[in-house]
Amino acid sequence: MKKSLLALAALGAFAGAASAQSSVTLYGVIDENLGKDFGSNVKRMAQGASSRLGFRGAEDLGGGTTAIFQIEHRFRPWNGTINGGNGVNGSPVTFWQARSYVGLSGGFGTVKLGREYDGAFFMTEVMFDPWGWDTVVSSMTVTANAGTAVNNYNVNRAVTYITPNLGGFQATAQMAERNDNCGTSGLDSTALAGGNASGIKGGAVFGNCLDRPYSFGARYEGGPVAVALGYNNPGNVNDKWMTLGATYNFGVAKLWFIGGRGKNTGDKSVSSWQLSATVPLGQGEFRATTVNMTTDGTKTIQGLGLGYFYSLSKRTTLYVDYANNSKLATEKNAYDFGIKHAF
């Protein structure tokens, strides 16, 4: 009898363990293209989307709660090296350059601890650009959407909260530690001309911010309409950025808008807007955008972008892009044609 009870107890424990489902997914993107960049007459090989290799996992803890994690590496596919700077946080030695977090998800929403995108980027900046900040077109759109200094959209030592989806509405808020977020590593060297003239506080690599970085974002999607609002204060002396995005899908075409306003690290007022349209054409999609940005009363970007993306399959895409920024002094045109494979 005792042996039977022990066997039943062991079987029950095994069944309980087996019911806790877990999974780990390997995913990635490899993108390479040939083309020419703004400001250069050199023909080169580069990438349109940032090539990546990542792992995400989930474990069912029961009671509607799930443990989650994600780590994502970015690399240059033409020579296999680690991807370069990615805003203020983008040290060339950052291996898990995009995301590196662990958290819990359930009916209460999602809580993440670690390196994660800021709330404005997650809800508005990248979501309302039909290129998703990819290809030569992104040389204009990334700057215009994120402001000239507030493009440190990967935040270290962050606590991130995302609400459940409530009838198409979802919001996120993030607060991070001062340290590891405002160093000069990965920042364009021109921003630091004349010493610390940019207003950035901190050491040479991953220094301390003057204040804690924080951000929030909110988005509503219902039927053909989507609207979103985002705000990012990265904890430097001056820079801050607010964005508003909207899309409307007519079926035969989709209109996209994103506008931003704020200040850069030099305490200069910055404003921008981007208006785009996408038209499905069989297995492909035609894209067009116009971008404008004004810094301290002077127009610094006045450009247009055109692209055609053709889906060979659900995972493989051929693309070609052309972009022009009339405010550049020389080499105002850029183009690329390439292939992207997702797995």
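The largest cavity in this predicted model holds about 30 Å³ of space. One cavity of 30 Å³ or more is counted. Its lining is formed by Lys 112, Glu 116, Tyr 117, Asp 118, Gly 119, Phe 122, Thr 160, Ile 162 and Thr 172. Strand 6, helix 2 (119-125) and strand 7 each give two or more residues to this lining. Strand 6 gives the most, with three residues.

Strands 6 and 7 also take part in a nonpolar surface patch. The patch covers about 660 Å². Leu 61, Val 102, Leu 104, Phe 108, Val 111, Leu 113, Val 159 and Tyr 161 make it up. Two or more of these residues come from each of strand 5 (99-106), strand 6 (109-117) and strand 7 (154-162). Tyr 161, one of the patch residues, lies in strand 7. Its relative accessibility is 31%. Tyr 161 therefore counts as partly exposed, since that class runs between 20% and 50%.

Val 227 belongs to strand 10 (residues 225-233). Val 227 is likewise classed as partly exposed, because its relative accessibility is 36%. Leaving aside residues up to four places away in sequence, Val 227 touches Phe 128, Ala 218, Arg 219, Tyr 220, Gly 245 and Ala 246.

Notes. Residues are numbered from 1 along each chain as its sequence is written. This is a predicted model: local features need pLDDT of at least 70, side-chain atom pairs count only at pLDDT 80 or more; totals for chains, interfaces and linings use all residues. Side-chain values use heavy atoms; hydrogens and water are left out. Patches are made of residues with over 30% relative accessible area and no salt bridge: like charges are joined within 9 Å, nonpolar side chains (Val, Leu, Ile, Met, Phe, Trp, Tyr) within 5 Å. Accessible areas come from the Shrake-Rupley method with a 1.4 Å probe; for residues, only the protein chains shown count as cover. A salt bridge is a side-chain nitrogen of Lys or Arg within 4 Å of a carboxyl oxygen of Asp or Glu. Helices (H or I, at least four residues) and strands (E, at least two) are DSSP runs, numbered from the N terminus. Buried means under 20% relative accessible area, exposed over 50%, partly exposed in between (1.4 Å probe, protein chains only). Contact means heavy atoms within 4.5 Å. On a 1 Å grid over the protein atoms alone, a cavity is a set of points where a 1.4 Å probe fits but cannot get out, and a pocket is an open set with protein on both sides within 12 Å along at least five of seven lines; lining residues have an atom within 4 Å of a point. Grid points are joined across faces, edges and corners, and a volume is the space filled by probe spheres set on the points.
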